[in-house]
Amino acid sequence: MFSDLVFRLRALFRRDTVEGELDHELREHFERQVSKYVAAGLAPDGARRRARLEFGGLDQIKEECRDARGVSFIETLLQDVRFAARLLWKTPAVTAVALLSLALGIGANTAIFSLVDAVVLRILPVQKPDELALIERYNPRWGAASPSFTNPLWEQVRDRQDVFSSVFAWGQNRLDLAQGGAAHLANTVWVSGGFFNTLGLRPTAGRLIAAADDRRGCPAVAVLSYGFWQEHYGGAPSAIGSTLSLNDHPFEVIGVAPSGFFGMEVGQKFDVAAPICSTAIIDGQQSRLDQRSWWWLTVAGRMKPGVGRSQTAARLQALSPGVFDAAVPLDWSAGGQQNFRKQSLVADPAATGISGLRQQFRQPLQVLMGVVGLVLLITCANIASLMLARAAARHKEIAVRQALGASRGRLIRQLMTECLLLSSAGALAGILFARWGTALLVRYMSTARNTVFLDLSFDGRVLGFTAAIAALTAFLFGLLPALRSTHVSLTSAMKGAHALEIERSSRFRARKWIVASQVALSLVLLVAAGLLLRSFAKLATLDIGFDRNNVLLVQADLKTAKIPPDQQLATYDQTESRLSALPGVVSVGRSVMTPISGGAWNNSIHTDWSKGVTGDDVLAWFNYVSPGFFETLRMPLLAGRVFNAGDTTTSPAVAIVNQTLAHRFFAGLNPVGRTFRIDDAGGKLGPPIEVVGITKDAKYESLRADIHPTAFFPATQVPGHSEVETFEVRSAIPPSVLAAPIQAAVAGVNREIPLEFHTLAGLADDSMVQERLLALLSGFFGALALLLATIGLYGTLSYLVTQRQAEFGIRMALGAQPGSILRLVMQDLMAVLGGGVAAGVCISLATTRLLQQMLFGLGGRDAVTLIGAVAVLCVVALIAGYIPARRAMRVDPMVALRYE
Amino acid sequence: MADPRIDLPQGTLDLLILRTLALGPQHGWAISERIHQISSKVLQVQQGSLYPALHRLERRGWIKARWGASDNNRRAKFYGLTASGRRQLQAEESAWRKLAAAVAQVLETS
């Protein structure tokens with residue numbers, strides 16, 4: 001085998017030597033044969049003649065020897081590639097257009113696929129990821145499983161389970177690295193002692209968190225992620241043993257995690273890992289470790305080799321009653337406790353990690369994958385058109401080569417080599433484009449409070465995908481032209497242009513089909529883009545019930561600042577009044593829940609008129625706000641009064657409700673002056689709360705969600721105390737200018753308070769991130785498709801006009817009016833356009849249903865969008881067609897006929 | 001015109017070349033001459049198939065080429081049998097003998 005390889009390689013790379021040797025050898029043979037015949041008595045001339053006859057064609061023998069050497073395949077390939085490159089180089093404009101569109105088409109596919117790969121397909125970089133399983137709580141009442149656990153529940157799972165070789169848990173938090181002032185948040189992951197060990201990870205430096213580190217009352221230790229270590233410590237070994245401040249508590253750095261590991265959650269990366277037990281240090285008195293209704297952990301396990309999934313499921317089922325019974329939240333109502341005990345543990349494969357991002361973007365990514373696939377098809381159609389035109393120009397060359405004995409297969413192979421060369425070059429450029437594109441897309445997926453991180457290093461799967469679509473593309477755009485152009489009648493080709501008319505018209509028919517399908521596909525894309533853009537526009541211009549512009553949100557964390565609960569209210573009040581005194585500030589309010597930030601606080605409520613309200617309809621959404629809140633957000637008060645200084649901790653409980661709540665719970669009566677009660681978790685009704693005002697409906701946790709029945713309470717009447725509140729600051733100057741004076745003002749109250757800044761408009765944008773991404777990309781690709789189809793249409797009609805120039809000349813010489821020539825060309829255009837549009841409308845109607853779920857405020861078969869898309873396409877196509885048609889109309893009969 | 005020469009059946013050329021080279025390294029022309037002579041001028045090797053065959057055998061590692069001086073003191077490429085070529089020769093020889101015997105038997109009995 002090895003000698004074979006050496007032989008072939010020598011033949012390939014020392015080609016000239018090998019060829020020289022062969023030549024020498026054959027000549028030697030020939031000379032000897034001649035001398036033999038001379039010796040036998042022939043005259044020298046006769047001897048040579050006879051030897052040459054016997055010998056046969058020298059070049060043919062050489063070719064056969066090359067075949068025998070086994071390199072001719074590669075040699076032919078190199079030859080073809082050289083030839084193809086020369087040809088492509090000779091028509092730089094066509095090549096550039098083809099390359100650019102291929103780079104865009106393949107690049108877009110690679111970009112979207114690498115996102116799909118990173119978000120959905122990629123396996124975690126841990127030991128034997130296939131053995132990992134996510135453990136969830138299945139609730140028969142909801143018929144659904146939830147992945148969140150409380151610490152007591154997790155401890156039960158950890159201590160009682162025997163189906164997994166080991167189990168581990170983790171929970172996430174963002175903790176402040178800065179000590180006071182503007183917060184510098186680090187993604188912190190709380191991990192159980194078995195986390196790193198079960199995943200089979202080895203430290204880059206120091207040691208990782210082990211079982212011994214995760215005991216109640218443990219010291220505060222932390223492991224850094226590799227990226228965090230590089231960024232903040234420059235990768236210095238001295239980081240080990242140093243102290244890191246998290247929410248103003250010192251943690252000792254004990255090690256660094258391996259470089260490829262970003263955490264269990266795809267879409268995020270952790271900065272710091274600390275043992276679960278150390279949450280007690282951060283939490284202070286209200287430690288989450290013994291909280292039975294604080295759901296903050298995710299649990300996973302490593303399956304024992306040889307234990308099947310059904311076996312695991314059965315064992316988990318058997319363990320469940322004991323686990324849930326031991327961790328039941330004792331403050332829940334009897335019914336609630338009973339439902340809690342009915343839950344069971346289930347396990348799902350978790351080799352790809354878990355991801356909220358995946359749930360959010362799986363469907364949009366599928367849609368985008370379809371969109372870029374269509375774009376690539378349209379690109380292929382365009383290049384196929386170009387190739388057909390090029391083939392027409394090379395018609396004679398191909399005929400000559402066939403006449404000289406080149407087989408059709410050989411010619412097709414050569415033409416396909418050209419296409420593959422083109423698509424490979426396009427793919428290389430596409431990969432560069434994709435690298436840039438994916439980075440941009442990830443930025444678009446990120447929001448102010450959730451920076452999306454994806455491991456976008458190209459893996460074999462992405463490169464394989466790109467190679468496959470490059471090959472497929474070459475096949476799609478190359479095969480038809482190659483088949484057509486090699487299917488020539490030699491005699492007619494040699495005779496000259498006249499005899500080619502019939503073949504030309506058949507080639508033109510092929511181009512018509514190509515363009516019509518382009519029109520159809522681009523219409524589908526335009527409709528999809530139109531739907532997604534309109535849906536986004538509806539969402540963006542939606543009346544959300546308050547004015548999102550010019551409002552800065554400042555989140556203050558009094559707990560990290562270690563301000564005792566009894567002083568918190570005073571601190572908030574003092575801060576609020578300081579902020580309102582700042583120059584440029586119009587008004588200030590504050591609230592416990594930040595509007596449209598995704599967070600929610602709800603509970604059941606009851607009134608004397610809500611007996612008929614059952615199920616989830618009894619829920620109302622709550623917020624605790626200061627008097628300035630409504631004015632600052634410009635939420636109009638429809639009746640009654642806003643809160644004032646008279647609403648204190650000790651004054652009667654009051655509330656302001658929105659229209660939806662008034663309607664649902666007060667049966668259309670004016671609720672002002674009436675009362676409602678909160679249904680506490682324990683199953684008993686709270687004290688009556690008097691409604692003092694009604695506000696206009698407004699969105700609560702996100703723009704997309706429906707408007708909830710909402711009740712606002714005075715910030716002074718928060719049950720217990722609230723440690724983190726948000727100040728809403730409406731300003732007349734840009735919010736970015738305001739950040740520094742606000743920090744100074746807050747520092748004047750207490751230096752230790754960490755602040756987080758956002759704008760309300762930014763939050764609104766962030767809650768539309770998925771819609772914005774889809775609208776942006778589908779709009780871009782829709783426009784691209786339209787452009788490509790237009791180029792295709794224009795090119796085909798130009799070609800037609802050039803081909804029929806002589807015919808038009810004759811017609812005009814015989815007295816045809818320019819208008820009738822124009823009509824001739826436009827007829828062709830209309831046929832192509834009409835067929836394409838009809839097919840496109842059918843495909844759109846059949847497929848837009850797939851988009852339905854992603855649309856906001858309009859249906860998948862929205863007539864306005866469909867008609868609009870058809871109109872845009874037709875107008876652009878008619879303009880593109882009119883230019884060549886007008887040229888046909890202006891043909892000078894004399895010039896046209898002179899060509900003949 | 002009655003030609004005493006017959007064309008070689010498919011696959012036998014390799015065997016003949018290997019057999020010829022078993023006697024010692026030879027250059028191309030000498031190989032064809034030798035086959036011609038030993039076969040009492042019945043077997044004629046076409047140059048068009050000899051050289052591709054030599055290249056093929058060399059690629060398979062059964063023969064090895066080396067440049068040397070020929071009898072008339074000119075530079076020539078000599079082909080010699082390798083160890084694996086020798087084994088191949090044995091295998092092909094016995095296969096050929098079996099085939100020939102079987103064909104002869106069939107011809108005689110019918």
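This is a predicted model: local features need pLDDT of at least 70, side-chain atom pairs count only at pLDDT 80 or more; totals for chains, interfaces and linings use all residues.
Visitor: Where is Lys562(A) placed in chain A?
Guide: Residues are numbered from 1 along each chain as its sequence is written, while chains are lettered from A and ligands numbered from 1 in the order in which they are written. Helices (H or I, at least four residues) and strands (E, at least two) are DSSP runs, numbered from the N terminus. On that numbering, Lys562(A) sits in the loop between β14 (551–557) and α19 (565–580) of chain A.

Visitor: Is Lys562(A) buried, partly exposed or exposed?
Guide: A residue is buried if 20 or more other C-beta atoms lie within 10 Å of its own, exposed if 12 or fewer, and partly exposed in between, with C-beta atoms placed from the backbone. Lys562(A) has 13 other C-beta atoms within 10 Å, so the class is partly exposed.

Visitor: What phi does Lys562(A) have?
Guide: The residue is not glycine, yet its phi is positive. The value for Lys562(A) is near 60°.

Visitor: How many C-beta neighbours inside 10 Å does Asn247(A) have?
Guide: Asn247(A) belongs to the loop between β9 (243–246) and β10 (249–256) of chain A. Its phi is positive too, near 45°, and again the residue is other than glycine. Asn247(A) counts as buried because its C-beta neighbours inside 10 Å number 25.

Visitor: Which residues of α7(A) are buried?
Guide: Helix α7 (residues 151–160) of chain A is mostly covered, with 7 of its 10 residues buried. The cover includes β1 (132–139), β3 (148–149), β4 (164–176), β12 (297–303), α11 (309–326) and β13 (344–349) of chain A. The buried residues are Asn151(A), Leu153(A), Trp154(A), Glu155(A), Gln156(A), Val157(A) and Arg158(A).

Visitor: How far apart are the end C-alpha atoms of helix α2 of chain A?
Guide: The expected span of a helix is 1.5 Å times one less than its number of residues. Helix α2 (residues 15–39) has 25 residues, so it should span 36 Å. The model agrees, as its end C-alpha atoms are apart by 36 Å.

Visitor: Which element gives the largest share of the side of chain B that touches chain A?
Guide: Contact means that two residues have C-beta atoms, placed from the backbone, within 7 Å. By that rule, 15 residues of chain B are in contact with 19 residues of chain A. On the chain B side, α2, α3 and β3 each supply at least two residues. The largest share, 8 residues, comes from α3(B).

Visitor: Where in chain B is confidence highest?
Guide: Chain B averages a pLDDT of 82, and 90% of the residues score at least 70. Confidence is lowest in α3(B), at a mean of 82. It is highest, at 88, in helix α4 (residues 83–109) of chain B.

Visitor: What radius of gyration does chain A have?
Guide: The radius of gyration is taken over C-alpha atoms, and the globule rule is 2.2 Å times the number of residues to the power 0.38. A compact globule of 900 residues would come near 29 Å. The C-alpha atoms of chain A fill a box of roughly 130 × 75 × 55 Å along the principal axes. The radius of gyration of chain A is 38 Å.

Visitor: What pattern does chain B follow along the sequence?
Guide: Chain B has 4 helices and 3 strands. Its C-alpha trace spans about 55 × 40 × 20 Å along its principal axes. Read along the sequence, the pattern is α-β-α-α-β-β-α.

Technical notes: pLDDT is the predictor's confidence in each residue, from 0 to 100.
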